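Got a model open and wondering where the labels come from? Let's go through a few of them, one question at a time.

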Amino acid sequence: ESPQDTDRKLSGLWLKFALAAMMTGSAGWLLAHAAVPIAEYSGLSQTVIGGLLTGLTSSLPELITALAAVRMGALTLAVGNIFGGNAFDVLIVAFADWTFPGGSVFAALSGQQLFLLALSLLLTAILLMGMLYREKHGLANIGLESVLVLALYLGGFASLVAFG
């Protein structure tokens, strides 16, 4: 394969990547505009809709990318995708705080949003402890922490719906 052919293939891949990124971004914008009326008509809070429905929907590309990478044997890409997405989410919080018109976005958090923030921190801490434990003990199987995270996630959102 000549360098020109390689450059052409790489250019085509970058174009496909850019188009997919634009489509994902556009879908996110549409999702946000659909979520507010869903919250109003369903009677569920915007925190529940944002944390559950839009969170799940906007994470689907990440999930599919991670699963495709694992199936291709690109484990580093899968892990980089997961942790990179989480790191970028922290940047989103910083941008939201910077652009929030009422001062700090953190000062405007409701009780439900603080609960969701605490739940997210707890779930992340459990997964990290599980990863460290498996690394230290040389375990390769799925640990109890995965089951615990799923149970706490479902229980947390059930609590938000029931008591929110």
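Q: Why are α4 and α5 called roughly antiparallel?
A: First, a caveat: this is a predicted model. The axes of α4 and α5 cross at roughly 175°, and angles over 145 degrees count as roughly antiparallel, so the pair gets that label. The two axes also come within 9 Å.

Q: What makes the contact between α4 and α5, by class?
A: It has 13 nonpolar, four polar and two charged residues. On the α4 side you'll find, among them, Leu 116, Leu 119 and Arg 134, while α5 brings residues including Glu 145, Val 149 and Phe 157.

Q: What makes Glu 145 and Arg 134 a salt bridge?
A: Their closest N and O atoms are 1.8 Å apart, and the rule asks for a side-chain nitrogen of Lys or Arg within 4 Å of a carboxyl oxygen of Asp or Glu, so the pair qualifies. Glu 145 sits in helix α5 and Arg 134 in helix α4, so the bridge ties together parts that are eleven residues apart in sequence. By this rule the count comes to one salt bridge.

Q: How do you know whether Glu 145 is buried or exposed?
A: Check its relative accessibility: Glu 145 comes in at 12%. Buried means under 20%, so Glu 145 counts as buried.

Q: And what about Thr 47, buried or exposed?
A: Thr 47 is at 9% relative accessibility, and that is under the 20% cut-off, so it counts as buried. This residue belongs to helix α2, residues 46-71. Skipping residues up to four places away in sequence, Thr 47 touches Leu 52, Ser 110, Gln 112, Gln 113 and Leu 116.

Q: Why does Ala 32 count as partly exposed?
A: Its relative accessibility is 44%. Buried needs under 20% and exposed needs over 50%, so Ala 32 falls in between and is partly exposed. Ala 32 is part of helix α1, residues 3-42. From Ala 32 to Ser 58 it is 26 residues in sequence and 9.9 Å in space, C-alpha to C-alpha.

Q: What makes up the largest nonpolar core?
A: Eight residues: Val 48, Leu 116, Leu 119, Leu 123, Ile 126, Val 149, Phe 157 and Leu 160. Two or more residues each come from α4 (111-137) and α5 (144-163), with α4 giving the largest share, four residues. As for Val 48, leaving out neighbours within four places in sequence, its contacts are Leu 53, Gln 112, Phe 157, Leu 160 and Val 161.

Key: Residues numbered from 1 in each chain as written. Predicted model: local features only at pLDDT ≥ 70, side-chain atom pairs only at ≥ 80, totals over all residues. Heavy atoms only, no water. Core = buried A, V, L, I, M, F, W, Y, C linked by side-chain atoms within 4.5 Å. Buried < 20%, exposed > 50% of the residue type's maximum accessible area, 1.4 Å probe, protein only. Contact = heavy atoms within 4.5 Å. Axes fitted to C-alpha atoms, helices over the stretch in contact; angles between N-to-C directions. Parallel < 35°, antiparallel > 145°, perpendicular 65-115°, else oblique. Nonpolar A, V, L, I, M, F, W, Y, C, P; charged D, E, K, R; others polar.
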